[in-house]
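Work through the exercises below with the sequence and the model at hand, and try each task before reading its solution.

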Amino acid sequence: MDDREFGFGDLTALGPMEDWPIGRLFLAAARLSGPVMWRRIEGHGISPAGFFLLRALAGDDCLRAGDLAKRLMISPATVTSVVDTLERNGHVERHRDRRDRRAVVVRITESGLALVKVTGEAMADDLWDLYEVVDEEDEPAVRRFLIRLIERFGSAQNGRPPGEASTHSKGSTAAPTSPGPRDTPEGRDDPMTTS
């Protein structure tokens, strides 16, 4: 694979991919996963934004557009546009909020629920095939890494310094690790350029 496909410019200075820092590898995988997922979703006749919006409503119906925007990490204008399309296709409806008549909530219809179910089931095997790359003995370490990364990004998204993120999830049996020199502000290396 040509390193330029990752959209990070010329990465030849980092050497072969096997020598890249973890952060760079994660960004490359994340960068490639989006378009692959989007194409698979679009192959089922719905936009990725529409599918994820319907999934959010399938799990928690009657949400305001602003709440959907926060959950999906997209702009309110994008939510409005996606809801307009889904409403035209009969997958959602807008209603006045019973608690606050000034507000409008979005509700998923039976058609929308059916679309989420059919699309999700049709994509399941494809998704498992894409993500089934971790050897069983490596899974606990990969899982700990991803959980810590999610917690760190969650903290940063909420405006907290990375040090305030918990080092392991609730109910985890893994012992928290003590910070190493790279986990301190004065010892932090750029995770995109060092290993």
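**Exercise 1.** Does Met73 count as buried or exposed, and at what relative accessibility?

Solution. This is a predicted model, in which local features need pLDDT of at least 70 and side-chain atom pairs count only at pLDDT 80 or more, while totals for chains, interfaces and linings use all residues. Residues are numbered from 1 along each chain as its sequence is written, and side-chain values use heavy atoms, with hydrogens and water left out. Buried means under 20% relative accessible area, exposed over 50%, and partly exposed in between (1.4 Å probe, protein chains only). Met73, at 61% relative accessibility, therefore counts as exposed. Met73 lies in the loop between α3 and α4, and its phi is positive, about 60°, although Met73 is not a glycine. Here helices (H or I, at least four residues) and strands (E, at least two) are DSSP runs, numbered from the N terminus.

**Exercise 2.** Place Cys62 in the chain and classify its accessibility.

Solution. Begin with the loop between α2 and β1, where Cys62 lies. Its phi is near 65°, a positive value in a residue other than glycine. With a relative accessible area of 26%, Cys62 is partly exposed.

**Exercise 3.** Describe the largest nonpolar core and the surroundings of Leu57.

Solution. A nonpolar core is a set of buried Ala, Val, Leu, Ile, Met, Phe, Trp, Tyr and Cys residues joined through side-chain atoms within 4.5 Å. The largest one has 20 residues, and Leu57 is among those with the most contacts inside it. Two or more residues come from each of α2 (48–59), α3 (65–72), α4 (76–88), β3 (104–108) and α5 (110–131), with α2 giving the largest share, five residues. Leaving aside residues up to four places away in sequence, Leu57 touches Cys62, Leu63, Leu68, Val92, Val106, Arg107 and Ile108, where contact means heavy atoms within 4.5 Å.

**Exercise 4.** Determine which strands pair with β3, and in which direction they run.

Solution. Two strands pair if DSSP finds at least two bridges between them. Strand β1 (residues 63–64) is joined to β3 by two bridges and runs antiparallel to it; within this pairing, Arg64 has Val105 as its bridge partner in β3. Strand β2 (residues 92–96) is joined to β3 by five bridges, again antiparallel, and Arg94 stands opposite Val106 in β3.
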